[in-house]
Amino acid sequence: MLTEYGTKHAVHVITNHFGDLVAKVCECLLRKGPLTRQNVKRYTELSDEQVKNALLVLIQQNCVQAFTTEQPDGFADGPKANTQYVVLFDNILHRVRFAKFLTILSQEFDQQCVELVQGLLEHGRLTLKQMFDRAKSSEKEGNLVDLDSLRETLVKLVTAHYVERCPASEPLLMPISEEEGPARKKGSKSAKKIGEPETIEQQVVEAALPMEAMRFSVVTNVESDVGEKEKNSNNVTPGEKRKHDVLELDECGVADEQSVVYRANFEGFIRRLRHKGCIDHVRAHLDDGAANVLSAMLQATSSAEKKVKTKNSVPLSLSSIYEEVIKSEAGRNMTLDHVRASLVQLGELSFVDASSDSYSIDFEKIIEIAQNEEVESVVSKRYGRDAYRIFRLLSKSGRLLETDKISDTTFVEKKDAPKILYKLWKDGYLLMEKLVVTGARQSQFLLWKVNRQILWKHVLDEMFHAALNLSLRVSYELDREKELLNLPADKRTGPLQDRYNRIRKVRILLESSQMKLDDAILLFHDF
Amino acid sequence: MSKRKRPDSNAPSDSLTDHERLIYDVIRSKQDMGIWTRDMKRELRVNLPDNIVTKSIKSLQNKSLIKEVVNIHSKGKKHLMAVEFEPSKEISGGAWYSEGSLDTEFIKVVKSQCLKQIIKLKVATLEGISDSIKRSGAFKVDLTKQQIEEIVRALVLDNQIMEVKSNGSGEFTNIPVGKVCYKNVSKGGGGGEPKTGSLASIPCGVCPQINICKPDGVISPKTCVYYTKWLDF
């Protein structure tokens, strides 16, 4: 689902973080789909060295994944391995969410964990040795870092699935019969339904992923990892050249520490954000009690979730929900009856499915309602209350309705309804169909409908556009007051202080809006 | 038809000219649907000059045989109907229309009454709301169940109430299982005013020019007046 402004926003993020050169390579991959290094060079007109370095940065930061395809026979050179690079759009978006990830972490873990992940987010990928060196260099007095405690921290984070081993550097993608190239990027919905990966991007990520047990493991036992060593050495990315000189070391454990590369597991964080989003949504609609119950249900079932976009949680009985509720401080004052009543409330809104005494969270429903509300709020603000009612009618019915019927049901004046409908249609919020009836006298009816799939894509593009605009405005405002911001505090007096206060407020407002808008992007893109 | 025609044709319609008679018959044959002047002319079997038609219509109106009614679909057009008929729902717009316009005041009152009863009853079926309103004596006229239903549907679209199905226990004790009920939207809806979403709370979310806004365009986030206003501290 790569839209025009999705691409622009991603390129902007990369430009901000890594400069124009890397951004140019990134944009080329975003627009053209997977390419070989030769082709990147050709399209960007950069030197071989520049392209190589840009790709290395992007790989190191988990924004690009390399893969190999085997060219089929029949060409002059015979079958030939061919390395291509595919950009990971989602991971670029995650770059603006690092602060959110760290907040989650600080709520669940101690400072050492936060610092470790901070290092991983900053550098993209690190070995245990590198993590140790990094911790050492920022070591404060009286707060010594030792390798064992660092390893323990890492194990904790890996077990919680917030950190993972890096994927294979260059998996082999089996040739597929379908045509290749960017045209395939969008994939068809039907392909998704039967469980096939949708895009090349997804196929490559899938192919590169280590096996579950491997992905979330830290080898600490020296004896047992002899066989592991070989695999691990394959795991090193092209960006990590330092493995060779350590392989001869006697102790495999040490070798592992220097060769196995770890990175933050974005999926783990996004899953957590999704849960948080659901809890917040429930709290806004119902009350703290219902939010506590949902939160307890999530706590009890999250380990069974295999992917981010889980539809339903595994079913739980009332007693196991209650058991989980009273584990938390907030839930301790809830009685069994209170929990039961909250479950009924959750059921009324279809947030939870109840069947034969077991309860399961309907993630899709919660997210769908949250998405609806976001779009409805835009409609209400941009087009007014009548439009809001009309939009809700069409969105709820999900089918074509005729102008007159719409105006009757929504109590909108007959002469106003077509105007509102036309405006919504023109801006891409509705679909229109003309129906010509030929009878005694020919008459024409207009039918209207909300197509969620098309509209959601449109709204998401507007969100990316807005995110880009916010970011551009922040840089513009800060750039305008650059001198003032560099002034020492005691030199800011009178009007200068006023201007300083203004820019501070502007910055806070813009940056908090960026965070909030990103929540909406998460809701539409990632959840 | 013929039964009603007799007694009427005693007095004024006896003294009609031939043209008037022709026009009157066409209008009257349309009963409670009435007819637009232009359409009527087309239906006349003979071709009458415009001035004769206009004169005849005037005369028929003076004799109180026909009247002009408002057609909600085309308010500007002259719509004629025989006096003994009341405009049908298609022409008048139904109970919610008064003189061709949506009776917004009336609708508002009925809406707030329905909402009041739903809040009072906590959970209510359509019948429950209808009875409760009748008992309250808020309206001189009786509202039909269909009217209440239309208003309740609009309240759902307003996000002031929500539709739920009875499960037969708790607050639904007196309501059969599976029956559709209505409840006040407790939170989030905030009196029907939708919660402002993330996109809607920044200028771009409600910007009418978003489609022509480009980073370096004539309209750009750097020069945007909506932004300037928003950031005016």
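Me: Let's start with Arg271(A): buried or exposed?

Reply: Arg271(A) counts as buried, because its relative accessibility is 14%. The cut-offs are under 20% relative accessible area for buried and over 50% for exposed, with partly exposed in between, using a 1.4 Å probe and protein chains only.

Me: Before we go on, what sort of structure is this, and how are things numbered?

Reply: This is a predicted model, where local features need pLDDT of at least 70 and side-chain atom pairs count only at pLDDT 80 or more, while totals for chains, interfaces and linings use all residues. Residues are numbered from 1 along each chain as its sequence is written, chains are lettered from A and ligands numbered from 1 in the order in which they are written, and side-chain values use heavy atoms, with hydrogens and water left out.

Me: Thanks. What does Arg271(A) pair with?

Reply: Its side chain meets that of Glu267(A) in a salt bridge, 3.9 Å from N to O. A salt bridge here is a side-chain nitrogen of Lys or Arg within 4 Å of a carboxyl oxygen of Asp or Glu. Both residues belong to helix α14 (residues 266–285) of chain A and are 4 residues apart, about one turn of the helix. Helices (H or I, at least four residues) and strands (E, at least two) are DSSP runs, numbered from the N terminus.

Me: And why does Glu267(A) count as partly exposed?

Reply: Because its relative accessible area is 31%.

Me: How many salt bridges are there over all chains?

Reply: The search of the whole structure finds 47. In general, side chains of opposite charge can pair when their charged atoms come close.

Me: What is the partner of Arg134(A)?

Reply: That would be Glu122(A), at 3.5 Å from N to O. This pair links distant parts of the chain: Arg134(A) sits in helix α7 (residues 128–137) of chain A and Glu122(A) in helix α6 (residues 111–123) of chain A, 12 residues apart. Arg134(A) is partly exposed because its relative accessible area is 26%, and Glu122(A) is partly exposed at 48%.

Me: Over in chain B, which residue does Glu43(B) bridge to?

Reply: Lys30(B), with the closest N and O atoms 3.2 Å apart. This one also links distant parts of its chain, 13 residues apart: Glu43(B) is in helix α3 (residues 37–43) of chain B, and Lys30(B) is in the loop between α2 (18–29) and β1 (35–36) of chain B. Glu43(B) has a relative accessible area of 41%, so it is partly exposed; Lys30(B) counts as partly exposed at 27%. As for networks, salt bridges that share partners join Arg97(A), Lys100(A), Asp518(A), Asp519(A) and Asp526(A) into one.

Me: Changing topic: how many helices and strands does chain B have?

Reply: Chain B has 9 helices and 8 strands. It has 233 residues, of which 42% count as buried.

Me: What is the strand order in the open sheet?

Reply: The open sheet has 3 strands in the order β6-β8-β7 (chain B), with antiparallel pairing. Its edge strands, each pairing on one side only, are β6 (123–124) and β7 (161–165) of chain B. β7(B) pairs with strand β8 (residues 180–184) of chain B in the antiparallel sense over 5 bridges; two strands pair if DSSP finds at least two bridges between them. Across that pairing, Met162(B) stands opposite Lys183(B) in β8(B).

Me: I'm also curious about Val83(B). Where does it lie?

Reply: Val83(B) lies in the loop between β3 (79–82) and α5 (89–92) of chain B. It is partly exposed because its relative accessible area is 34%. Leaving aside neighbours within four places in sequence, Val83(B) is in contact (heavy atoms within 4.5 Å) with Ser64(B), Leu65(B), Ile66(B) and Lys67(B). Val83(B) and Asp32(B) are 51 residues apart in sequence and 9.5 Å apart in space, C-alpha to C-alpha.

Me: Last one: what is the average pLDDT of chain A?

Reply: Chain A averages 85, and 85% of the residues score at least 70. Over residues 177–194 of chain A the pLDDT is below 50, and this stretch has 22 contacts in the model beyond near neighbours in sequence. Residues 221–251 of chain A also stay under 50, with 44 contacts beyond four places in sequence. pLDDT is the predictor's confidence in each residue, from 0 to 100.
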